[in-house]
Amino acid sequence: MVSASILLLYSSARGQTRRVCHTLTASHPDIELVELTPDPPAWPGRYEAVLFASPTYGQGGLHHVWTTHLPQLVEAFTPSPPRLGGLLVLGDQRYHARTFAGAVTAFKPYLQGTALAPLLDRICVLDPRQDRAWEQRCASWVEAIIQDSRGATYDHDRFDRSARR
Ligand SMILES: Cc1cc2nc3c(=O)[nH]c(=O)nc-3n(C[C@H](O)[C@H](O)[C@H](O)COP(=O)(O)O)c2cc1C
C-alpha cells in the first residue's frame with residue numbers, strides 16, 4: 001500500500017472529535033484519517049506530516065487511548081520521523097474552564113525530544129460547541145501544514161508585485 005503523505009490520527013469518546021476530523025478530511029481527501037482505538041494500532045507508514053487529534057478528559061488530561069498507545073507510537077515513527085506535524089485538541093470552555101484543552105499540555109511530555117516533536121509546532125485548540133468559527137479555524141490550521149508540506153511558504157506572486165513597484 002502506498003501511504004498518503006499526511007496522516008490524521010484521532011480518538012473520540014463521544015463523537016465530537018470524530019465529527020471534526022471527518023468534516024476536515026471531507027474537504028481534504030488526500031489526508032489519511034485513522035481512528036485510534038483501545039486496540040494496538042497497526043503500523044505506520046512514512047508520512048511527510050503527522051497530525052494527532054484528541055479530546056480533553058479527566059482534569060485536563062488526554063483521552064485514555066493516547067496514554068495507552070503514545071509510547072508505542074513514538075517508537076513506531078522513530079525510524080521515519082515526519083518532517084511536519086500538528087495537534088488538534090478539543091475541550092469545553094463552558095464546563096471545564098480551568099482545565100480547558102489541557103490535552104495540549106498532557107501531550108507534551110510524550111512528544112518533546114522525540115521523533116514526534118514536530119507535532120508541537122502547530123497546535124489548534126477547539127471548542128466546537130462555543131465557537132461558531134471552529135470549521136474555519138480548523139481549516140486554516142490544516143492548510144498551513146499542507147502549504148508547508150508542499151514547501152509553499154513563499155508567496156511568489158506577492159514578491160513579484162512588490163518588486164515591480
Ligand atoms: C468526563 C468529562 C471530562 C472532561 N474534562 C475536560 C477537561 O478537563 N477540559 C476540557 O477542556 N474539556 C473537558 N471535557 C470536554 C470534552 O473534551 C469535550 O466535550 C470534547 O468535545 C469531547 O470530545 P469527544 O466527543 O470526541 O470525546 C470533558 C468531558 C467529559 C464528559
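## Helix α4 and its packing

The buried residues of α4 pack against α1, β3, β5 (84-90) and β6 (123-126). This comes from a predicted model, in which local features need pLDDT of at least 70, side-chain atom pairs count only at pLDDT 80 or more, and totals for chains, interfaces and linings use all residues. Residue numbers start from 1 along each chain as its sequence is written. Helices (H or I, at least four residues) and strands (E, at least two) are DSSP runs, numbered from the N terminus. A residue is buried if 20 or more other C-beta atoms lie within 10 Å of its own, exposed if 12 or fewer, and partly exposed in between, with C-beta atoms placed from the backbone.

In α4, the buried residues are C138, W141, V142 and I145. They lie on the same side of α4 because they cover an arc of only 85° around the axis; the arc is that of the directions from the helix axis to the C-beta atoms. The face turned away from this buried side carries the exposed residues Q136, S140 and E143. Helix α4 (residues 134-149) has 16 residues and reaches 23 Å from its first C-alpha to its last, close to the 22 Å expected at 1.5 Å a residue (1.5 Å times one less than its number of residues). After α4 comes G151, with a positive phi near 70°.

Seven of the seven residues of β5 are buried, so β5 is largely enclosed by the rest of the structure. On one side these are L84, G86, L88 and L90, and on the other G85, L87 and V89. In a regular strand the side chains alternate between the two faces of the sheet.

Strands pair if DSSP finds at least two bridges between them. β5 pairs with β3 in the parallel sense over seven bridges, and P55 has L90 of β5 as its bridge partner. β5 and β6 also pair in the parallel sense, over four bridges; the partner of L87 in β6 is I123.

## The ligand shell

Of the 20 residues around the ligand, S12, R14, T17, P55 and G91 come nearest. The elements giving two or more residues to this shell are α1 (16-26) and β3 (49-57). A residue is near a molecule if its C-beta atom, placed from the backbone, lies within 6 Å of it.

## The chain as a whole

The chain has five helices and six strands, in the order β-α-β-β-β-α-β-α-β-α-α from the N terminus. Of its 165 residues, 32% are buried.

Note on methods
Two residues are in contact if their C-beta atoms, placed from the backbone, lie within 7 Å.
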